[in-house]
Amino acid sequence: MAEKLVIASSAKEAAALKNSKSAFLAGGTEDNRLNSTVDAKTLISIGRIADLDGITKKDGCIRIGAMTTFQEMLDSSLVPDYLKDACRFMGSRTKRNMATVGGNIALRRTDSYLYPTLIASHAVLELMDAKGEVSERCVCCYLKRYDELKDCLIVAVNVPQKASVVSKRYANTVQSHAVLTVSVGEVEGKIRVGVAAKNTALKSLCDISEALSQKDLSDDEIKKMIEADKDLRFESDIFGSPEYKRYLLAVTISDLAKKVKGGKR
């Protein structure tokens with residue numbers, strides 16, 4: 001439980017304060033809830049840092065400041081429809097008014113609203129280290145190298161304006177956290193598949209992505225590739241058996257890939 005709150009006045013100050021015993025406080029939807037997954041002695045509030053707000057367009061990309069809320073993304077005329085689809089997965093408007101894009105990326109939940117779409121759209125993060133230096137990393141790199149990058153401040157996320165991305169979310173209700181969320185996207189002829197499988201994995205399915213970039217795959221071919229993925233070890237629970245979940249993931253990827261390649265929404 002947090003014992004101290006520090007209100008940062010700038011991004012550089014916030015990045016310099018971050019260490020293994022602290023966490024950034026953005027919208028507070030995770031930090032302040034009962035049984036939060038955030039374990040930190042000190043919370044560094046970044047809510048007053050103007051540089052972390054705003055949505056702008058540059059060189060075919062949309063830059064979204066880390067403190068931008070889900071509702072602000074939905075209300076913006078600049079944010080692509082495919083990202084708005086992911087924002088709508090958060091059913092509560094009250095929560096959408098609080099939850100920020102940077103906070104949701106930093107949490108890396110396996111039932112994430114945004115990650116599959118960000119993966120599929122080849123999204124790029126702007127990260128600030130303790131020295132105040134900013135570097136760019138793709139979302140997949142951030143996931144793979146999280147232990148190295150976890151103390152960096154997420155400044156913004158950049159998404160392509162014209163990517164073709166479709167997503168599907170499976171949950172008991174609109175307010176429930178998803179059992180499975182899948183996105184398939186195409187950017188400059190390259191297919192990428194992102195998946196968030198609750199309590200199982202949050203990742204880009206690289207082998208399937210590469211194969212789909214070259215040709216169409218049958219449900220059985222996709223299922224075999226899913227079975228070979230060591231990170232996708234589904235377990236039986238109230239949502240179904242491992243076999244059912246692999247089947248559901250396979251047919252969903254197949255369906256979304258057809259829509260992306262066919263240019264349908």
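A polar contact is a pair of N or O atoms within 3.5 Å; within protein, one must be able to donate a hydrogen and the other to accept it, and residues adjacent in sequence count only if both atoms are side-chain atoms. Seven residue pairs (both at pLDDT 80 or more) are in polar contact between domain 1 and domain 2. This is a predicted model, in which local features need pLDDT of at least 70 and side-chain atom pairs count only at pLDDT 80 or more, while totals for chains, interfaces and linings use all residues. Residues are numbered from 1 along each chain as its sequence is written, and side-chain values use heavy atoms, with hydrogens and water left out.

**The two domains**
- The chain is split into domain 1 (49-160) and domain 2 (164-261), with bounds from an automatic or database domain assignment.
- Taken over C-alpha atoms, the centres of domain 1 and domain 2 lie 21 Å apart.
- Domain 1 gives 22 residues to the contact and domain 2 gives 29 residues, contact meaning heavy atoms within 4.5 Å.

**Buried area**
- About 2000 Å² is buried between domain 1 and domain 2, 65% of it on carbon and sulfur atoms; this is the accessible area (1.4 Å probe) that two parts lose on being put together, summed over both.
- Phe89, Thr110 and His122 lose the most area on the domain 1 side, together 30% of what that side buries.

**Salt bridge**
- Domain 1 and domain 2 share one salt bridge, defined as a side-chain nitrogen of Lys or Arg within 4 Å of a carboxyl oxygen of Asp or Glu.
- Asp111 and Lys198 form a salt bridge, with their closest N and O atoms 3.3 Å apart.
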